[in-house]
Amino acid sequence: MDDVDYTSEQLMDDDPEPLGNDADFPAVAPVPLHLSHYDQAGEAHMVDVGEKTLTRREAVAAAFVELSPAVLAALPQNPKGNPLEVARFAGIQAAKQTSSLIPMCHQIALSFVDIQTKIVEGGVAIEATAATIAGTGVEMEAMVAASIAALTVYDMTKALDKGIRIREVVLLRKSGGKSGEYRRERL
């Protein structure tokens, strides 16, 4: 993008000129019709799930926090408290806030959220489960829970090592709804 300073009037104009060079913005390509969050014109929208059948839906997601041996050894002595317990609470809280974080997610009543953390070779393995009885799934709630739990482990241990990595945030399995069962074959 051009290194140009824009005035507040230019930025707030009701009919603004494009900012920067048009070449900086790729042309909008047609969106395949199988992506449910897009309408016929390619505009993003929230899917209407009002007519969908209420079914039990469950999703399990995972994340991995790569920690050095020194950080792993220091986990029990953390002055902020037990990082894995704080991460568990953060993941539960995050699952309940998913629709506030992901624009096209529906606000749904979760019937269950569970976060499991386990110290393993090379780091902390996190598994997040979310369940509901609704007309839409809980994959995003499980993924957000796993992600935020992982970020919380980072937050609780970053004083010891800024090089901590969060890896493999993935959906492991889901059940319920029209699309049925899904199970990741391998991580």
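Author: Buried means under 20% relative accessible area, exposed over 50%, and partly exposed in between (1.4 Å probe, protein chains only). This is a predicted model, in which local features need pLDDT of at least 70, side-chain atom pairs count only at pLDDT 80 or more, and totals for chains, interfaces and linings use all residues. Residues are numbered from 1 along each chain as its sequence is written, and side-chain values use heavy atoms, with hydrogens and water left out.

Reader: Which residues of helix 5 are buried?

Author: Helices (H or I, at least four residues) and strands (E, at least two) are DSSP runs, numbered from the N terminus. In helix 5 the buried residues are Glu141, Ala142, Val144, Ala145, Ala146, Ala149, Ala150, Thr152, Val153, Met156 and Thr157.

Reader: How do you know what helix 5 should span?

Author: The expected span is 1.5 Å times one less than the number of residues. Helix 5 (residues 139–157) has 19 residues and should therefore span 27 Å; its end C-alpha atoms are 27 Å apart, which agrees.

Reader: Why is valine 169 called partly exposed?

Author: Its relative accessible area is 32%, so valine 169 falls in the partly exposed class. Valine 169 lies in strand 4.

Reader: What makes strand 1 and strand 4 a pair?

Author: Two strands pair if DSSP finds at least two bridges between them. Strand 1 (residues 55–66) and strand 4 (residues 165–175) have eight, in the antiparallel sense, so they pair. Valine 65 stands opposite isoleucine 166 in strand 4.

Reader: What joins strand 4 and strand 5?

Author: Strand 5 (residues 182–183) pairs with strand 4 over two bridges, also antiparallel. Six residues separate them in a hairpin, and glycine 176 in the turn has a positive phi of about 95°.
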